[in-house]
Amino acid sequence: MSLRRLVPQRRSEIKQYATYRSYKRFLREDFNKRCGYCDADDKFLGAAVAFHVDHFAPQKKFDELKTDYKNLIYSCRFCNGAKSDYWPSECHLTSVIDEEGIIDPCDSEYDKHLARNDKGYIYPLTKLGGFIHRLLKLGLTRHSVLWKLHRIEENLNKMDRQRDRLSEEQLTTYQLLSSEYRSLIAYICEYGDK
């Protein structure tokens, strides 16, 4: 299955800001409140407060792109830390050399190199995907756990819309599961802020 449900799309017109952090709220919206690299929902990792603004072509190498909106990625701290200042070339336009490098997550090509299995684990589809997978540490179990939490939430929401069709026993079970899930999510979100 596809790594992501939606390919993030940066808005084409945006006011110029002096600092890249000023773009965070717009990036959050454009990236569907999800990490551009691993697709983790920000609500499970401390929301916008805990997410970063990554410079796709690193600021350290390309300071002139520091506030270029087309170069900014809404990223979880794990992917941003793993990618760090990696860049394969001296040109900001060359992000891949000989199957090593990284693809801008707003490019639909990104999804041709990585996918998810039915357990939520991310795996590479190509040699370049393998490089990205290792670079960003996309094989970590946390990616599967976050994906599963999202799936549980989707199924609970689906059941919620069909509550009137549930038997009394099913409704009781649903209410218990829903309550336990929401309590767990509140704990995870609170833990993510620490």
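The structure is a predicted model, in which local features need pLDDT of at least 70 and side-chain atom pairs count only at pLDDT 80 or more, while totals for chains, interfaces and linings use all residues. Residues are numbered from 1 along each chain as its sequence is written, and side-chain values use heavy atoms, with hydrogens and water left out. Helices (H or I, at least four residues) and strands (E, at least two) are DSSP runs numbered from the N terminus.

**Cavity**

- The model has 1 cavity of 30 Å³ or more, a cavity being a set of points, on a 1 Å grid over the protein atoms alone, where a 1.4 Å probe fits but cannot get out.
- The largest cavity has a volume of about 50 Å³, volume being the space filled by probe spheres set on the points, which are joined across faces, edges and corners.
- Its lining (residues with an atom within 4 Å of a point) consists of R34, C38, D39, A40, D41, R116, H143, L146, W147 and H150.
- Helix 5 (residues 141-161) gives the most to this lining, with 4 residues.
- By class, the lining holds 4 nonpolar, 2 polar and 4 charged residues, where Ala, Val, Leu, Ile, Met, Phe, Trp, Tyr, Cys and Pro count as nonpolar, Asp, Glu, Lys and Arg as charged, and the others, Gly among them, as polar.

**Residues with positive phi**

- D39, one of the cavity-lining residues, is found in the loop between helix 1 (24-30) and helix 2 (47-50).
- The phi of D39 is near 70°, a positive value in a residue other than glycine.
- D39 counts as buried because its relative accessibility is 7%; buried means under 20% relative accessible area, exposed over 50%, and partly exposed in between (1.4 Å probe, protein chains only).
- S84, in the loop between helix 3 (77-83) and strand 3 (96-97), has a phi near 50°, also positive in a residue other than glycine.
- At 39% relative accessibility, S84 is partly exposed.

**Loop between strand 1 and strand 2**

- F56 lies in the loop between strand 1 (52-55) and strand 2 (72-75) and is buried, with a relative accessible area of 7%.
- Neighbours within four places in sequence aside, F56 is in contact (heavy atoms within 4.5 Å) with Y37, N71, I73, K83, W87, S95, I102, I103, D104 and P105.
- The C-alpha atoms of F56 and P105 are separated by 9.1 Å, although the two residues are 49 residues apart along the chain.
- T67 is found in the loop between strand 1 and strand 2 and counts as buried at 18% relative accessibility.
- Beyond its neighbours within four places in sequence, T67 is in contact with Q16, Y17, A18, T19, Y20 and Y23.

Methods:
1 Å grid on protein atoms, 1.4 Å probe; cavity = no way out; pocket = protein on both sides within 12 Å on 5 of 7 lines; lining within 4 Å.
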